[in-house]
Amino acid sequence: MSNHTLANTFRSSRLIYRAVDEASPIDQGFLFSAIDNDPTGVGNLSFCPVAPGNHAAMVLIAMTKGSLLRVLACLPPDESAGPEAQPTPIGFAALMPRAPDAAHHRHALLGVVLAAPFRGQGYGKEVVNWVLDWGFVRGGLHRIGLGVFGYNGKALKMYRSLGFTEEGRDREAVMFERQWWDVVNFGMLESEWEKLRG
């Protein structure tokens, strides 16, 4: 981490991170538009069928309840809009337990989704790097893993570029566009993250 102060714990270079408020109409609206109404978001994030109204956002919220970390990545408020301006959610990230009652293994699974207008601008890398830093510095983790659907070439490239190691595959585990795809499993150990951060 470039800055270990508590004051900057919930910030990265362009984003701020805040807890998800399930009762908030803003958070519900964001998750609905960024996930349920975005076929790319559903298709790259969830095993749910890509269909309108499949409630992938509700499944995601339920699945991540009780996670070590569950945040919305937000653009900071526009200062010219006055003191009432709120951060603008652009993504969701979570560090979920690998299995119930397994916290003592210090291993979590990473999940990230960005709203369509913010993809391809480096925000995904920024969010993942922030989550890695938080997980290893603040969360006390030893290992962070994730799975990527084989058809999501951009995500595969991004996680490799961030230093994740491909650890194996769940062969032909996902049906997409009438074709079977692997789930590619990645992981990063605390010692690997330390080397990357110098």
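Axes here are lines fitted to C-alpha atoms, for helices over the stretch in contact, and angles run from 0 to 180 degrees between N-to-C directions. The model is predicted, so local features need pLDDT of at least 70 and side-chain atom pairs count only at pLDDT 80 or more, while totals for chains, interfaces and linings use all residues. Residues are numbered from 1 along each chain as its sequence is written, and side-chain values use heavy atoms, with hydrogens and water left out.

**View 1. Packing of helix H4 against helix H6.** Helix H4 (residues 123-138) and H6 pack at an angle of about 120 degrees, and their axes are 11 Å apart. That angle makes H4 oblique to H6 (under 35 degrees is roughly parallel, over 145 roughly antiparallel, 65 to 115 roughly perpendicular, and the rest oblique). Helices (H or I, at least four residues) and strands (E, at least two) are DSSP runs, numbered from the N terminus. H4 passes H6 in a left-handed crossing, meaning that the near helix is turned anticlockwise from the far one by less than a right angle. On the H4 side the contact (heavy atoms within 4.5 Å) is made by Asn 129, Leu 132, Asp 133, Phe 136 and Val 137. On the H6 side it is made by Glu 190, Trp 193 and Arg 197.

**View 2. The salt bridge of Glu 190 with Arg 106.** A salt bridge is a side-chain nitrogen of Lys or Arg within 4 Å of a carboxyl oxygen of Asp or Glu. Here the N to O distance is 3.3 Å. The pair links distant parts of the chain, 84 residues apart: Glu 190 is in helix H6 (residues 190-197), and Arg 106 is in the loop between strand E3 (88-97) and strand E4 (107-114). Glu 190 is buried at a relative accessible area of 19%, whereas Arg 106 is partly exposed at 36%. For these classes, buried means under 20% relative accessible area, exposed over 50%, and partly exposed in between (1.4 Å probe, protein chains only).

**View 3. Arg 143 and its surroundings.** Arg 143 lies in strand E5 and is buried, with a relative accessible area of 17%. Its side chain meets that of Glu 167 in a salt bridge (2.0 Å, N to O). Glu 167 is partly exposed, at 41% relative accessibility. Neighbours within four places in sequence aside, Arg 143 is in contact with Arg 106, His 107, Ala 108, Phe 136, Glu 167, Phe 186, Gly 187, Met 188 and Leu 189.

**View 4. A network of salt bridges.** Arg 160, Glu 166, Arg 169 and Asp 182 are linked in this network. Within it, the closest N and O atoms of Arg 160 and Glu 166 are 2.7 Å apart. Arg 160 counts as partly exposed at 40% relative accessibility, and Glu 166 is partly exposed at 35%. The structure as a whole holds eleven salt bridges.

**View 5. Pro 39 and Pro 49.** Pro 39 is placed in helix H2 (residues 39-45) and counts as exposed at 55% relative accessibility. Ten residues separate Pro 39 from Pro 49 in sequence, and their C-alpha atoms are 9.5 Å apart in space.
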